[in-house]
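Please look over the model shown below before reading on. The numbered points that follow are meant to be read beside it, one at a time.

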Amino acid sequence: MMMVTVLIPGALRGECGGRARMPVPAEAGWTLRQVLDAVSAQYPRFDRRVRDEQGRLRRYVNVFVGMDECRTLSGLDTEVVDGVQVHILPSVAGG
């Protein structure tokens, strides 16, 4: 059994019971999509903030698998490895 850690930003912690870090048990060959599915199974409101109705990442949400933004890899189909950290970063806008 592998373990992936999802790091939850302050803006989304209310959707995850206040958690800043979420360990997710994973299987070999799992993708980012499956990791997010596992988190969303526990916290459905989290999923609505991160993915749209078609299951795609919302355009203002950036997700890093390790040090790489997932869109520069294979998006939600990016394979995760044991011990990797998944950083979820909503865009910050202002003026």
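**Notes on the model**

1. With a relative accessibility of 51%, G10 counts as exposed, where exposed means over 50% relative accessible area, buried means under 20%, and partly exposed lies in between, all with a 1.4 Å probe and protein chains only. G10 lies in the loop between β1 and β2, and its C-alpha atom is separated by 7.3 Å from that of A20, ten residues apart along the chain.

2. A word on the basis of these notes: this is a predicted model, in which local features need pLDDT of at least 70 and side-chain atom pairs count only at pLDDT 80 or more, while totals for chains, interfaces and linings use all residues. Residues are numbered from 1 along each chain as its sequence is written, and side-chain values use heavy atoms, with hydrogens and water left out.

3. The secondary structure comes to two helices and five strands, and from the N terminus on the elements run β-β-α-α-β-β-β. Helices (H or I, at least four residues) and strands (E, at least two) are DSSP runs, numbered from the N terminus.

4. As for overall form, a compact globule with 95 residues would have a radius of gyration near 12 Å, and the protein has 12 Å, which agrees; the radius is taken over C-alpha atoms, and the globule rule is 2.2 Å times the number of residues to the power 0.38. The C-alpha atoms fill a box of roughly 45 × 30 × 25 Å, taken along the principal axes. Of the 95 residues, 41% count as buried. Among the contacts (heavy atoms within 4.5 Å) with a separation of 6 or more, 51% are accounted for by residues 24 or more positions apart.

5. Which residues of helix α1 are buried? In this helix, residues 32-42, they are L32, V35, L36, V39 and S40. Seen down the axis of α1, these buried residues fall within an arc of 135°, so they line one face of the helix; the arc is that of the directions from the helix axis to the C-beta atoms. What covers the buried residues of α1 includes β1 (2-7), β2 (21-26), α2, β3 and β5 (85-90).

6. The largest nonpolar core has 27 residues, of which V6, F46 and I88 touch the most other members. Such a core is a set of buried Ala, Val, Leu, Ile, Met, Phe, Trp, Tyr and Cys residues joined through side-chain atoms within 4.5 Å. The elements that give two or more residues to this core are β1, β2, α1, α2, β3 and β5, and α1 gives the most, with four residues. Leaving aside neighbours within four places in sequence, V6 is in contact with A20, R21, M22, V24, V35, V39, V86 and I88.

7. Is V86 buried or exposed? V86, which has its place in strand β5, is buried, with a relative accessible area of 0%. Not counting residues up to four places away in sequence, V86 touches V4, T5, V6, L7, L32, V63 and F64. V84, found in the loop between β4 (68-69) and β5, is also buried, with a relative accessible area of 12%. Beyond its neighbours within four places in sequence, V84 is in contact with M3, V4, T5, V65 and G66.

8. R51 deserves a careful look, for this residue of the loop between α2 (44-50) and β3 (61-65) is buried, with a relative accessible area of 6%. A polar contact of 2.8 Å joins the side chains of R51 and D37; the term means a pair of N or O atoms within 3.5 Å, where, within protein, one must be able to donate a hydrogen and the other to accept it, and residues adjacent in sequence count only if both atoms are side-chain atoms. Leaving aside neighbours within four places in sequence, the residues in contact with R51 include R33, L36, S40 and L76.

9. R56 lies in the loop between α2 and β3 and, at 48% relative accessibility, counts as partly exposed. Its side chain is joined to that of Q54 by a polar contact of 3.0 Å. R56 touches V50, R51 and L76, not counting residues up to four places away in sequence, and the C-alpha atoms of R56 and L76, 20 residues apart along the chain, are separated by 7.8 Å.
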